[in-house]
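Hi,

Here is the structure I promised to pass on. Have a look at it first, and my notes follow below.

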Amino acid sequence: MTNEKKRLGLLPLTILVVGGIIGSGIFSLPQNMAEGAGAGAILIAWGITLCGMLTLTRAFQYLSLRFHQQSDGLYGYVRQGFGDYIGFNAAWGYWISAWMACASYLIILFSALGSFAPLAFFGDGTTLASVICGLILMWVVHFFVLRGVYTAFLLNCVITIAKIVPIALFIVCIILAFKIETFRLDFWGTPKLGSVMTQIKHTMLYTVWVYLGIESATVYSSRTKGIATISRATFLGFFITSLLLMCVSILSLGIIPQEELAAMKNPSMALVLERIVGHWGATLINVGLVVSVSGGLLSWLMLSAEMLWLAGRDAQHTVPACFGKLNRAGSPENALWITTSCITVLILLAHFYESGYNTLIQLSTSMVLIPYLLAAVFVFKLARQDKQPLLMVVGTGGSVYGLWLIYAGGVSYLLLSMILYAIGLGFYLRARKERGLSSFSYRHDKVYALMISGLCLIALFQFFIFPAAS
């Protein structure tokens, strides 16, 4: 188990949260947001996102303090509130979302490298050269994490600090060059963008994507110095990243008009800074992106393997026990092997089906929305049980926000995520058999399993068997 002498304090945990959130998304955020919305709608979308993410942040803080005796993080909270099967789905959805994020990081990383003339053969990140080099990098990171989680943590801290430097410089430059006339141009968007509500809905998945990782500290609750540390790191990480994300996305509209910004190639931050200071600005941001995505890749590989390990350790496992083992260095070895293998398969599929960055982040976001929603609903359940008005506000706000995000994500990605959730049923049943337990503890678990299987069949028919009719 975890070496008791090695415990994570406030600084490394806060850096983990910031490093998990600030990955590839922020470098493409100006174009992503402007693609479907004007400045007015983007401001409203950020207002909704901040309120919603603040309630989720408070929910994670509350759960970490309320259930300080358990060290399974987000998975443990949901399992505590809704039982083994729903808890398993929280871990399963989070795990898949995390390794999908790793795959998207590899694509955007080599897309950034392809922007340098000598490395143009990397193209958009899905070329054969990108696939080969991406897989080599992925497995190098895999073997590095196998050497020890705490060694990986130290490297992650260094990379996170390094990647904030070009982002901070970018923000300073756009503040100095900001033009209010440019910002006001088509403030509520052009007619082709649709209504303000349509524009807000378009931006929501991107705002959630860039916040993925807000719960990072709770995932490592078994490796921290104290429960209060998790709560503080979560809030500090939320505050720091909110400031960076909003400055990058909003202030860019004061440099380049919405229509022109929407048509830019990603990473759009590079082109915005190039407009202000010249070609060296684009080079700086692309170098920053390479550093940032490398760190994000490390963070999310660690998080995904950690979540699978939490669900497989000890006698309470809800996935096969083989994934709950640590090697001598304290790394979740088997969980790492299957995680890296899944990323490898996804990268190959992205190459052959030409699936780009945006497709992967939307599916990854859809997968993690259900664990987020379940955590918020559990807080709502506790608030009603304990009759705490302030906690009721947090639980209600987080639940409504989670439902809104699922709606904003669209039916298509929700159905696709059900295919992946349905695959997890086999892992869960295998774990139940290992423990000598019945397939489901509660009658409603059977109902949930049937619902997921039914939605999976609908998705298969709509997208794969009869795609022309959809």
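The side chain of Ser268 comes to 3.0 Å from the backbone nitrogen of Gln31, a polar contact (a pair of N or O atoms within 3.5 Å; within protein, one must be able to donate a hydrogen and the other to accept it, and residues adjacent in sequence count only if both atoms are side-chain atoms). Please bear in mind that this is a predicted model, in which local features need pLDDT of at least 70 and side-chain atom pairs count only at pLDDT 80 or more, while totals for chains, interfaces and linings use all residues. Residues are numbered from 1 along each chain as its sequence is written, and side-chain values use heavy atoms, with hydrogens and water left out.

Ser268 belongs to helix 13 (residues 268-277); helices are DSSP runs (H or I, at least four residues), numbered from the N terminus. With a relative accessible area of 0%, Ser268 is buried (buried is under 20%, exposed over 50%, partly exposed in between, with a 1.4 Å probe and protein chains only). Beyond its neighbours within four places in sequence, Ser268 is in contact with Phe27, Ser28, Leu29, Pro30 and Gln31, where contact means heavy atoms within 4.5 Å.

Next, a helix pair. The axes of helix 3 (residues 39-66) and helix 11 (residues 227-251) come within 9 Å and cross at roughly 170°. The axes are lines fitted to C-alpha atoms over the stretch in contact, and angles run from 0 to 180 degrees between N-to-C directions. Helix 3 and helix 11 are therefore roughly antiparallel, the term for angles over 145 degrees. By class, their contact has 15 nonpolar, 7 polar and 1 charged residues.

Two residues other than glycine have a positive phi. For Asp186, phi is near 50°; Asp186 sits in the loop between helix 8 (180-184) and helix 9 (196-209) and is partly exposed, at 36% relative accessibility. For Lys387, phi is near 55°; Lys387 lies in the loop between helix 16 (357-386) and helix 17 (389-409) and is exposed, at 73%. As background, most residues other than glycine have a negative phi.

How far apart are the end C-alpha atoms of helix 17? They are 30 Å apart, which agrees with the 30 Å that its 21 residues should span at 1.5 Å a residue (1.5 Å times one less than the number of residues). Buried residues of helix 17 include Leu391, Tyr401 and Trp404. Gly410 follows helix 17, with a positive phi near 90°.

Best wishes

Terms used:
Parallel < 35°, antiparallel > 145°, perpendicular 65-115°, else oblique. Nonpolar A, V, L, I, M, F, W, Y, C, P; charged D, E, K, R; others polar.
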